[in-house]
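This report describes the fold and selected surface features of a single protein chain. The sequence and structure are shown first.

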Amino acid sequence: MSGPGRACDAVAVTAVLVAPAAVLVLDLYAVVLVVLRAKVYRVALYRPMLLNIGLSTLPVVTAIGVRVNSWDVRHPVALLRRLSTHLRQPGTALEAGAFVATHAILVAVLYVPLFWLAWTSFLATAV
């Protein structure tokens, strides 16, 4: 089966895969900031923030709309198959992509200014 509908579905699925990747990259960036904060300022690592960053991946799964149970992690192939089936339904890929992109923007709006403030503070005290 080919045609414009099939190409649109492929683009939507690709967007849905790129958006969670962006969220994960931003989460990794946040982890680096939290760990660097502890090292640069010689303070204890703030572990609840690391947990919070880990929990920020939950909206990705929630946005996609697939019910995931704790034991589904033990069967990743079945989980990916179910996720793929869900994303092929009309409108779900676009909806999930928009939600994940909005979450990525929110994380960027929160962490980039915080990083900038921390970095400028670090540079000011380093001189």
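## Burial and accessible surface

In this predicted model, 24% of the 127 residues of the chain count as buried. The accessible surface of the chain amounts to about 9100 Å². Carbon and sulfur atoms contribute 73% of that surface.

## Secondary structure and contacts

The chain contains five helices and zero strands. Along the sequence, the order of elements is α-α-α-α-α.

Among contacts in the chain with a separation of 6 or more, 59% are accounted for by residues 24 or more positions apart.

The relative accessible area of Leu36 is 40%. Leu36 is therefore classed as partly exposed, because this class lies between the buried limit of under 20% and the exposed limit of over 50%.

## The loop between H1 and H2

Arg42 is located in the loop that connects H1 with helix H2 (47-55). The phi angle of Arg42 is near 50 degrees, a positive value in a residue other than glycine.

The relative accessibility of Arg42 is 78%, so this residue counts as exposed; the cut-off for that class is over 50%.

Definitions and conventions:
Residues are numbered from 1 along each chain as its sequence is written. This is a predicted model: local features need pLDDT of at least 70, side-chain atom pairs count only at pLDDT 80 or more; totals for chains, interfaces and linings use all residues. Side-chain values use heavy atoms; hydrogens and water are left out. Buried means under 20% relative accessible area, exposed over 50%, partly exposed in between (1.4 Å probe, protein chains only). Helices (H or I, at least four residues) and strands (E, at least two) are DSSP runs, numbered from the N terminus. Contact means heavy atoms within 4.5 Å. Accessible areas come from the Shrake-Rupley method with a 1.4 Å probe; for residues, only the protein chains shown count as cover.
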